[in-house]
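Subject: Structure for your review

Hello,

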Amino acid sequence: MTPPTYPPKPSPGDRIAVISPSAGLPGLFPLPYELGLERLRKEYGLEPVEYPATRTMGATPQARADDIHAAFADPTIKAIIASIGGDDQITVLPLLDRELIRANPKPFFGMSDNTNLLAYLHNTGIVAYHGARVMCELGRPGAMHPLTAESLRAALFTSGEYELKPAERFRDIDLPWDTPETFASEPPTEPGGGWTWHRPERVVEARSWGGNIENLSWLLMADREIAPDPSVYDGGVLLLETSEELPPAEEVFRILRNMGERGLLQRFPVLLMGRPKAWFFTQPNDRETKARYVREQHEAVLRALETYNPDMMVVFDVDFGHTDPQLVIPYGGAVRVDGPARRITVTY
């Protein structure tokens, strides 16, 4: 695995590729997608460039790989952002040309199923960015959340340290994307409650790795983009978060247990655990059920760590992953977790 380096940053006025490496959901839900494109233009001064599979549901893995290659190879494209996630990006990975991508490094923004491409870029030697998709974060009803907007702006255009801040309020409940009324006002939010620190006795500054825990489990099963020698992750900052499919706490525990049996979980002195999404259309949990889901996930994480890494520092409910606001975190870039000061600083 090549130690990642930061690719050059875009500037306002540059062209940014918008691709769908997973699902072409912009074709089904144009309202949040078009809103996200408009904000890229008006709020960030970037010119989005679509590719053939961007709005195509059911695009083949080869068609999506072709879009990735075209975006990286085009010298006029200065950054790349995913429209949204999905569930089969793992089928695209074997079709990618690592040397082409390594020769044309660019910032890539995505998360969820884009964990696949983030891990691939990490192994290719390119720092990428966990967060900020077009449809979800840029296409948020009413307005982008200020914490998301500020974090994305810093990650896009600046280099250097940026301190992450816990959200005073967050959103968990979604509204339908096929209804124009959804986008007329900002969504309802609830109190954030801050981050929860476990064993905050140390300061760790290291490169990050991880992503959506379900996607990481699939990569482990397929034996793709996970280093065969887990010692390459020694001393790193582990990023984990769960999806809108709301995996049960026991499933989270089992994935972590398997990571421990693989020798992975022991390599990281600190874990940043994203605020878990606890509501979705298929599981419209009430407030009490949501609180129980979050509590049980925390307990499952700590139960796994008791066996495999009892000294690990953990920060729960960090505002990244399937949550709103969503802070952008450099993937493979430097993250500093200061337990005594209760501060998290990233380097964009």
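The lining of the second largest pocket consists of six nonpolar, four polar and six charged residues; here Ala, Val, Leu, Ile, Met, Phe, Trp, Tyr, Cys and Pro count as nonpolar, Asp, Glu, Lys and Arg as charged, and the others, Gly among them, as polar. This is a predicted model, in which local features need pLDDT of at least 70 and side-chain atom pairs count only at pLDDT 80 or more, while totals for chains, interfaces and linings use all residues. Residues are numbered from 1 along each chain as its sequence is written, and side-chain values use heavy atoms, with hydrogens and water left out.

Pockets

The second largest pocket holds about 240 Å³ of space. Of its 16 lining residues, Phe170, Glu190, Lys290, Ala291 and Val294 are the closest to its centre. Strand 8 (190–191) and helix 9 (287–308) each give at least two residues to this lining, and the largest share, four residues, comes from helix 9. Helices (H or I, at least four residues) and strands (E, at least two) are DSSP runs, numbered from the N terminus.

The largest pocket has about 820 Å³ of space. Its lining has 36 residues, and those nearest its centre are Cys136, Trp177, Glu244, Phe280 and His322. Helix 5 (134–138) and helix 7 are the elements that give two or more residues to the lining of the largest pocket. By class, this lining has 14 nonpolar, 11 polar and 11 charged residues.

On the method: a pocket is an open set of points on a 1 Å grid over the protein atoms alone, where a 1.4 Å probe fits, with protein on both sides within 12 Å along at least five of seven lines; lining residues have an atom within 4 Å of a point. Grid points are joined across faces, edges and corners, and a volume is the space filled by probe spheres set on the points.

Helix packing

Helix 8 and helix 9 pack with their axes 8 Å apart, at an angle of about 20 degrees. Helix 8 is therefore roughly parallel to helix 9 (angles under 35 degrees count as roughly parallel, over 145 as roughly antiparallel, 65 to 115 as roughly perpendicular and the rest as oblique). Axes are lines fitted to C-alpha atoms, for helices over the stretch in contact, and angles run from 0 to 180 degrees between N-to-C directions. The contact of helix 8 with helix 9 has eight nonpolar, two polar and five charged residues.

Helix 8 (residues 249–261) also packs with helix 7 (residues 213–222): the two axes come within 10 Å and cross at roughly 45 degrees. Helix 7 is therefore oblique to helix 8. On the helix 7 side, Ile213, Glu214, Ser217 and Leu220 meet Val252, Ile255, Leu256 and Met259 in helix 8. That contact divides into six nonpolar, one polar and one charged residues.

The axes of helix 4 (residues 115–124) and helix 7 come within 9 Å and cross at roughly 60 degrees, and the two helices are therefore oblique to each other. Thr115, Asn116 and Ala119 in helix 4 meet Asn215, Leu216 and Leu219 in helix 7. The contact of helix 4 with helix 7 has three nonpolar, three polar and no charged residues.

Backbone

Asp324 and Pro325 are joined by a cis peptide bond, with omega about 10 degrees. Pro325 sits in the loop between strand 13 (313–318) and strand 14 (329–331). Asp317, which lies in strand 13, has phi near 65 degrees, a positive value in a residue other than glycine.

Regards

Notes: Contact = heavy atoms within 4.5 Å.
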